[in-house]
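Dear colleague,

Please find the structure below, handed over for your study. My notes on what was found in it follow directly after.

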Amino acid sequence: MTKIGRWFAVLGLAGVLAGGMARAGVAQNPAPDGQQAQAAATQTGAQEAYRLPPEKLAKAIALGRIRSVLHFVYALWDLGVLWLVLARGWAARLAAWTERTVRRRWLQGLAFFAVLLILLTVADLPLDGFSHQVSRAYGISVQGWGGWALDMAKALGLTVLIGSPLMLLFNGIVSRWPRRYWLWAWMAAVPLMVAGTFLSPLLEPVFNKFEPLAESNPALVAQLEKVVARTGTQIPADRMYLMKASLKTNGLNAYVSGIGATKRVVVWDTTAGRIPNDEVLFIFGHESGHYVLHHIPEGLAVSAVSAFFVFWGCAGFAGWLVRRFGPGWRVTAVGTRAGFVVLLLTVSLAGFVLEPAVNTFSRHIEHEADIYGQEAIHGIVADPQQTAVGAFNRLGEAWLEDPNPNPLIEFWTYNHPSVQQRAEFAEHYDPWANGGRGKYFAK
Ligand SMILES: [Zn+2]
């Protein structure tokens with residue numbers, strides 16, 4: 001799911017599978033997260049804003065290392081598998097086999113891409129299993145192997161169901177316009193990207209249970225409505241959901257997803273009711289920031305513009321790969337079925353190379369949402385600075401975030417600023433001191 005999700009993120013179909021770009025949460029993905037280091041802030045010897053008890057600190061450092069290594073192993077593994085599928089001639093053989101066994105051309109294509117997606121997903125299983133094992137060993141995941149396997153099977157089903165026809169569509173575009181296909185593919189990708197963002201919340205119940213937040217946390221909803229009133233978001237209570245995350249994880253999170261009629265705020269049940277309501281208000285304020293500051297449309301626009309250049313670049317590189325290696329791989333053109341695998345390889349590579357840029361943009365909007373969240377609870381909670389610092393400490397401890405991650409790792413892999421930086425900023429952010437005004441709220 002991760003790998004497939006990554007391609008589609010680059011292809012601009014993010015929302016369809018994982019809701020990747022379209023989702024802006026307060027924590028990282030159920031994986032790590034953080035940001036470009038103000039390394040200096042943590043080296044001053046001053047009391048740090050984010051602190052862990054000693055035994056958790058040791059675990060967080062060890063887990064941070066595993067996460068970093070795993071991140072890059074995943075990327076290289078995926079590229080390696082695609083290369084292998086081409087270099088061993090499996091792509092060409094699979095294409096020939098579907099042509100022999102299936103009569104209709106479009107069915108041949110569907111069969112080819114379905115088998116390819118299954119193969120690529122299965123190739124990731126050892127890494128997926130290892131990740132799950134690590135998460136359980138560190139007490140973050142509480143999901144058993146049966147439930148995990150069921151989730152993987154569902155993800156595979158969705159991937160094949162949605163991914164195969166989409167790949168067939170793009171494959172058709174490439175073979176129909178062999179020269180300018182990247183432009184047509186881009187034009188097809190942009191509306192699909194919007195559709196994916198719109199539809200992704202509708203797929204979420206496949207994996208988790210949702211219920212109206214008001215059902216279990218009416219007092220919290222009443223307090224949240226104060227923040228709603230202050231932010232002018234007009235998020236009705238029926239767009240606030242509680243996700244039953246506690247069946248699977250001890251992590252904390254809340255996020256906003258969807259657009260238009262599917263736009264919603266989701267708070268995990270490990271968060272609502274389990275941490276002080278003031279801190280939930282802050283997290284909700286952060287999420288409201290994504291809403292109010294139009295981060296989802298902004299993210300979509302940025303992906304659309306970057307996809308234009310990515311498609312152009314990938315088309316050029318794929319053409320070169322086919323000229324250089326095509327004879328050995330038995331790939332005659334990018335527009336063939338096996339040729340599409342070459343294109344997937346280039347898109348995967350682009351995704352890996354562009355990751356720091358995507359994450360830098362993501363850290364920027366997450367920082368804006370942090371500012372917004374802290375301002376949004378001003379006048380509603382007693383001490384916005386302490387509330388935000390408290391929430392970050394709880395988030396960091398729940399996910400075992402390393403307080404001092406390697407700056408290069410942060411730069412490359414963190415889609416949120418590091419917890420240390422976020423807490424550090426929150427501790428000192430008081431724009432109203434000395435009669436000043438906030439960035440988003442006058443008072
Ligand atoms: Zn966020």
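A residue is called buried when its relative accessible area is under 20%, exposed when over 50%, and partly exposed in between, using a 1.4 Å probe and protein chains only. By this rule Trp148 is buried, because its relative accessible area is 14%. The model is a predicted one, in which local features need pLDDT of at least 70 and side-chain atom pairs count only at pLDDT 80 or more, while totals for chains, interfaces and linings use all residues. Residues are numbered from 1 along each chain as its sequence is written, and side-chain values use heavy atoms, with hydrogens and water left out.

**Helix H6**

Helices (H or I, at least four residues) and strands (E, at least two) are DSSP runs, numbered from the N terminus. After H6 comes Gly139, with a positive phi near 75 degrees.

**Aromatic rings**

Rings of Phe, Tyr and Trp (for Trp, the six-membered ring) pair if their centres lie within 6.5 Å; planes under 30 degrees apart count as stacked, over 60 as edge-to-face and the rest as tilted. The structure contains 20 aromatic pairs. In one of them, Trp145 and Trp148 have ring centres 5.1 Å apart and planes at 80 degrees, so this pair is edge-to-face. These two residues are three apart in helix H7 (residues 145-176) and are therefore separated by about one helical turn. Trp145 counts as partly exposed because its relative accessibility is 36%. The rings of Phe425 and Tyr429 are stacked, because their planes lie at 20 degrees, with centres 5.0 Å apart. Phe425 is partly exposed at 28%, whereas Tyr429 is buried at 15%. Ring pairs also join Trp83, Phe317, Trp320, Phe325 and Trp329 into a cluster.

One member of that cluster, Phe325, has Arg324 over its face, at 4.5 Å from the ring centre. A charge sits over a ring if NZ of Lys or CZ of Arg is within 6 Å of the ring centre and within 35 degrees of the ring normal. Arg230 is likewise placed over the ring of Phe441, 4.4 Å from its centre.

In strand S5 (residues 264-268), five of five residues are buried. Arg264, Val266 and Trp268 point one way, and Val265 and Val267 the other way. Two strands pair if DSSP finds at least two bridges between them. S5 pairs in the parallel sense with strand S3 (residues 240-243) over four bridges, and Val266 is the bridge partner of Tyr241. With strand S4 (residues 254-257), S5 runs antiparallel, again over four bridges, and Val265 is the bridge partner of Val256. S4 and S5 form a hairpin with six residues between them, and Gly258 in the turn has a positive phi of about 80 degrees.

**Salt bridges**

A salt bridge is a side-chain nitrogen of Lys or Arg within 4 Å of a carboxyl oxygen of Asp or Glu. The whole structure holds six of them. Glu401 and Arg67 form one, with their closest N and O atoms 3.9 Å apart. This pair links distant parts of the chain, 334 residues apart: Glu401 in the loop between H14 and helix H15 (407-413), and Arg67 in helix H4 (residues 54-87). Glu401 is buried at 2%, and Arg67 is buried at 13%.

Asp151 and Lys248 form another, at 2.8 Å from N to O. Asp151 lies in H7 and Lys248 in the loop between S3 and S4, so the pair ties together parts that are 97 residues apart in sequence. Both residues, Asp151 and Lys248, are buried.
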